[in-house]
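Here is a friendly walk through one model, from charged pairs to nonpolar cores. Have a look at the structure first, and then read on.

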Amino acid sequence: MDSIISYDEARKATANELMEKLSSHESGLSSSEAEAGIQQYGPNEILEKKVNPILKFLSYFWGTIPWMIEAAAILSAILSRWDDFAIIFLLLLMNGVVGFWQEHKADRAIELLKKRLAPTANVQRDGQWKSLPSRELVPGDVVRVRLGEIIPADIKLLEGDYILLDESALTGESLPVEKKASDVAFSGSIVRQGEMTVLVYCTGMNTYFGRTARLVETAKTRSHFQKAVVKIGDFLIILAVALVAFVFIVAAFRHESLMQTLQFALVLVVAAIPAALPAVLSVTMAVGAMQLARKEAIVSRLSAIEEMAGVDVLCSDKTGTITQNLITVADVVPFSGFTKKDVLLFAALASREENHDLIDNAIIKESLEEHIEPGSYKLKKFEPFDPVSKRTEAEIEGPQGSFRAAKGAPQAILSLIDNNIKNIAEDSGLDSEINQNVEAFASKGYRAIGVAGTNLKGEWQYAGLIALHDPPREDSAQTIKTAQSLGVRIKMITGDHVAIAREIARMVGLGTNIQPASDFIEKTDEEATEIIEKADGFAQVFPEHKFKIVELLQARGHIVCMTGDGVNDAPALKKADSGIAVSGATDAAKSAAAIVLTKPGLSVIIDTIMESRKIFRRMNSYAVYRIAETVRVLFFITLSIIVFNFYPVTAIMIVLLALLNDFAIMSIAYDRVEYSRQPDRWRMSSVIGMASFLGLIGVVSSFGLLFIGLDYLHISKDILQSFMYLKLSVAGHLTIFIARFKGHFWSDRPSNILVGAVFGTQIVATLIAVYGILIPPIGWNLAAIVWLYAIGVFLIVDQLKVHYYRLFDEGLQFIEKRLNVY
């Protein structure tokens, strides 16, 4: 392994020549040779360009919001207001540090998720086939590639009939390309058909295209919800700038100090706009992704979290999701002229143990238990299963000569029989015997596999049927019941016989309205949608049918989750609002899915929906709180200046508000929330309506305390500003508990982290106001009045909020009913 092998060298060289250049052999490399290869070539991965952390940190001080803070700090220095300068500079520094740290945490979380999704390869090491992470491959490794896998490195094809490769991600060519022994193939191609043994000749950064297919999208992917919240942020910025510009114009007409007014205006804009918005979004989504990972659901794009929260139809695979995927041989039915051992022998010869296929493993295990030893037979050629032929086929050299063996779908095996033999089979009633046995197996929930072999003349003969049993998972019935209580309708999808699907559906309490795909595929879209919406599941489904099911359900306004595991499931997984690659899925399915499960079963999907709804509620709470705070602070200060010619707070007080607010609001990502009992949808009217309601009440209550301070307590101007600062701080943070959900604040306990963050910052704010740290002191008596007033308003507003939501929901229902009438 002296140098890197080029594409031309690999293409022109024979397999033996290439092995010699790579110091490899037919049985692959040893562990020590592989370790030396890693040292020479590095890991088999594409190195991403890393941004210098110092430059990344400095980038947080460049942009519209940092510029405003920096301008305010410069103006404070020009005015020699060094206290203001220090605290404004602290705000600037804190925004940069918090933003940098939270993005770093989000990036770390996504990196951990990427490692969980790292693809594996079937490698021959130390003379044994092993499943190893693809990043551990080195030139000279002998690898087995098969249907649905992503080619892990640049390879030379050694042994096997052929493979069909999808190179569209690399070349843009949509049609698959056929490759045979001695051809080369590139990293990132997807195996659409066939399987072969191959030799790795280039890895990592040295591959022909310089990259491998990436399974996980970047952490910066935005969901519809995130985009909506960012739009809210843009709206608040525009509102803040407009109101503050108006204040500036009024101050100019009053001949006030333009420098001081400009400094105040800049600080007010900075405090009013959601500076913490990007950090809150990234940390909430990253924390949510890690919580889902603990439940064995790996998020490959963060937008999937919001989409899962709104799912109302879950199209679930039967095998391995509703059932245990622990396939066993339940029965063997030999046909005339054959014995049970004959059937199992043919089936075992048409299987490959190294492929780790569940059906192959079950048949091989049963044949061994029946003391069938295929050791005296030599495999000459093997044609793996593919979705078109629906069978596996092997060419065997036996003691009495060459013959072929096949296993697969009963009708696919029947199609192998020569016409003259088939006519005899029909005359003898074999056709009806096959159908009767398939129906009998299906009524018990068994799947039938047909088995055939050729005679000495090379003519195919139907040897018999094997019944395979895959029982439902123990938790499937309860999980389906839970899903239905959450407003999620489960539709089972399987390629198996209708009778099998109905029996499994009956056993798990899903409903037995199982329709064959043929019932809707030839219908008009309107007719097909009616059938699909009413059905409990679908049988004899092909991958293209899955795409149609998703498309029609989405057209009816459903948010659809689709599960899949095969290479041909990728289009449906991409089309679905939330595509899920189930445990054991092919690399192609994983690359198309938004969420990848590492644990089998339906319960993990339902756990994912519940967790996503919790995350959605945290984001919803943040949106309501952030809008309400902006409305409250902006309108109160603006109206005080314009109408009463009075600055209710100073610039340094606004900066203190922003500092403490950013610290507290970060903790909303860790809030304890209950998942909603129905799918969550983004209702902008509800969010803006409630936020405006809370904000305007906050404006009224702020003026109420202002008049109490002026007319009843006769507080001086300087003390009154500190008095109002504490009110804005305490009442604003209490708003978090009102905005969390529709019910009374006491009916859903917040997390200790959120409570600690809110009351911790308010203790700090109270001490600042009482002892006059950077602002005039107000003493404990006035601070107690502020707290009592804020808590009293909080209790009243909480009651009003509940009534507001009730009236809003009733009004929404009325409007929806009227629209339905028309």
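## Salt bridges

E674 and R672 join their side chains in a salt bridge, 3.6 Å from N to O; the term stands for a side-chain nitrogen of Lys or Arg within 4 Å of a carboxyl oxygen of Asp or Glu. E674 has 38% relative accessibility and counts as partly exposed, and R672, at 32%, is partly exposed too. Here buried means under 20% relative accessible area, exposed means over 50%, and partly exposed lies in between (1.4 Å probe, protein chains only). Salt bridges with shared partners also connect K380, E383, R391, E393, E395, E397 and R404 into one network.

This is a predicted model, in which local features need pLDDT of at least 70 and side-chain atom pairs count only at pLDDT 80 or more, while totals for chains, interfaces and linings use all residues. Residues are numbered from 1 along each chain as its sequence is written, and side-chain values use heavy atoms, with hydrogens and water left out.

## Two more pairs

The count of salt bridges comes to 25. One of them is between the side chains of E9 and K21, at 3.8 Å from N to O. This pair links distant parts of the chain, with E9 in helix 1 (residues 7-12) and K21 in helix 2 (residues 15-21), 12 residues apart. Helices are DSSP runs of H or I with at least four residues, strands are E runs of at least two, and both are numbered from the N terminus.

The side chains of D141 and R125 form a salt bridge as well, at 2.8 Å from N to O. D141 sits in the loop between strand 2 (128-133) and strand 3 (142-145) and R125 in strand 1 (residues 120-125), so the pair ties together parts 16 residues apart in sequence. Are D141 and R125 buried or exposed? Both are buried.

## The nonpolar cores

A nonpolar core is a set of buried Ala, Val, Leu, Ile, Met, Phe, Trp, Tyr and Cys residues joined through side-chain atoms within 4.5 Å. The largest has 71 residues, of which V649, F723, M724, Y725, L726 and I775 touch the most other members. Helix 28 gives the most to this core, with 14 residues. Leaving out residues up to four places away in sequence, M724 touches F636, P648, V649, S702, L705 and L706, where contact means heavy atoms within 4.5 Å. Another core, of 41 residues, lies apart from it and includes L486, V488, M492 and C561.

## A covered helix

Helix 19 (residues 498-507) is mostly covered, with 7 of its 10 residues buried. Its cover includes helix 12 (318-322), helix 17 (430-443) and strand 16 (446-454).
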